[in-house]
Amino acid sequence: VYKRQVDEFSVPLANHILQIDNAREIIKQLDELNLFLSSSSDGGLEASYRYHQLFADFLQGNLRQSDPERLCGLHHRIAEWYQRQDQHVQAISHYFKAGEPENAVGLIDRISRQMYLSGQTRLLEQWYEHISNSEELVAQAPELLLNLAKAVGNHGDISRAIELLESAKASLLARKDYSNYA
């Protein structure tokens, strides 16, 4: 059930999520029994596994109903693992699912410049939309605001870019962070 909270999982991730050290044996047993599990391998890398979608949905719904607190803890562990693997987009998603938007926003703010420079501006927009109803969360993400302002400005939406820059300015001034005023 716990492994289903990610679309694909590997043995190291399963070990971390379940806090065990024998996930390889368990996965092998599930695979041999043809229990709704498929595997893939990328040329010698650690194999990844995936449950059949209907079975996965059943497992996830069951856990959500029976133990939502445990589900949040599970998402927290998944987020931590992804963050340690420098898979920040996945980590952010799981921090939100864990009910930890502050952790998600902290990570978003740290990587937003990298995301902007790599052309992933739609993801910046999605993250902003996700937190835009909370002034407190928006105030914790001045780098997101700055980089999103550049992206929307580049696409010609100057008034929105100015609005985002003003929000970033307020947040940076409140923090007494003047490093981005150059």
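Start with the largest nonpolar core, which has 51 residues. Select Phe9, Ile27, Ile92, Trp127 and Ile131, the residues with the most contacts inside that core. In soluble globular proteins, nonpolar side chains tend to be buried together. The model on screen is a predicted one.

**Overall view**

Zoom out to the whole chain. The C-alpha atoms fill a box of roughly 60 × 40 × 25 Å along the principal axes. Colour by secondary structure to see ten helices and two strands. In sequence order the elements run α-α-β-β-α-α-α-α-α-α-α-α. Of the 182 residues, 40% count as buried. Among contacts with a separation of 6 or more, 48% join residues 24 or more positions apart.

**Isoleucine 92**

Which residues does isoleucine 92 contact, leaving aside neighbours within four places in sequence? They are Ala104, Leu107, Ile108, Ile111 and Trp127.

**H6 against H7**

Select helix H6, residues 101-117, together with H7; the two pack at an angle of about 155°, and their axes are 10 Å apart. An angle over 145 degrees counts as roughly antiparallel, so H6 is roughly antiparallel to H7. Their crossing is left-handed.

**H7 against H9**

H7 passes H9 in a left-handed crossing. From H7, select Thr121, Leu124, Glu125, Tyr128 and Ile131; from H9, select Leu144, Leu145, Asn147, Leu148, Ala151 and Val152. These residues divide into eight nonpolar, two polar and one charged.

**H3 against H4**

Move to helix H3, residues 53-66, and helix H4, residues 68-84. How do their axes cross, and within what distance do they come? The axes come within 5 Å and cross at roughly 120°. H3 and H4 are therefore oblique to each other. Leu63, Arg64, Gln65 and Ser66 of H3 make the contact with Pro68, Arg70, Leu71 and Leu74 of H4. The classes here are four nonpolar, two polar and two charged.

**Two single residues**

Select serine 171 in helix H10, residues 158-175. Is serine 171 buried or exposed? The relative accessibility of serine 171 is 6%, so it counts as buried. Beyond neighbours within four places in sequence, serine 171 is in contact with Ala139, Gln140 and Pro142.

Finish at isoleucine 20, in the loop between helix H1 (11-18) and helix H2 (23-32). Isoleucine 20 has a relative accessible area of 29% and is partly exposed. Not counting residues up to four places away in sequence, isoleucine 20 touches Ala14, Asn15 and Ile26.

Definitions and conventions
Residues are numbered from 1 along each chain as its sequence is written. This is a predicted model: local features need pLDDT of at least 70, side-chain atom pairs count only at pLDDT 80 or more; totals for chains, interfaces and linings use all residues. Side-chain values use heavy atoms; hydrogens and water are left out. A crossing is left-handed if the near helix is turned anticlockwise from the far one by less than a right angle, and right-handed if clockwise. Helices (H or I, at least four residues) and strands (E, at least two) are DSSP runs, numbered from the N terminus. Contact means heavy atoms within 4.5 Å. Ala, Val, Leu, Ile, Met, Phe, Trp, Tyr, Cys and Pro count as nonpolar, Asp, Glu, Lys and Arg as charged, and the others, Gly among them, as polar. Buried means under 20% relative accessible area, exposed over 50%, partly exposed in between (1.4 Å probe, protein chains only). A nonpolar core is a set of buried Ala, Val, Leu, Ile, Met, Phe, Trp, Tyr and Cys residues joined through side-chain atoms within 4.5 Å. Axes are lines fitted to C-alpha atoms, for helices over the stretch in contact, and angles run from 0 to 180 degrees between N-to-C directions. Angles under 35 degrees count as roughly parallel, over 145 as roughly antiparallel, 65 to 115 as roughly perpendicular and the rest as oblique.
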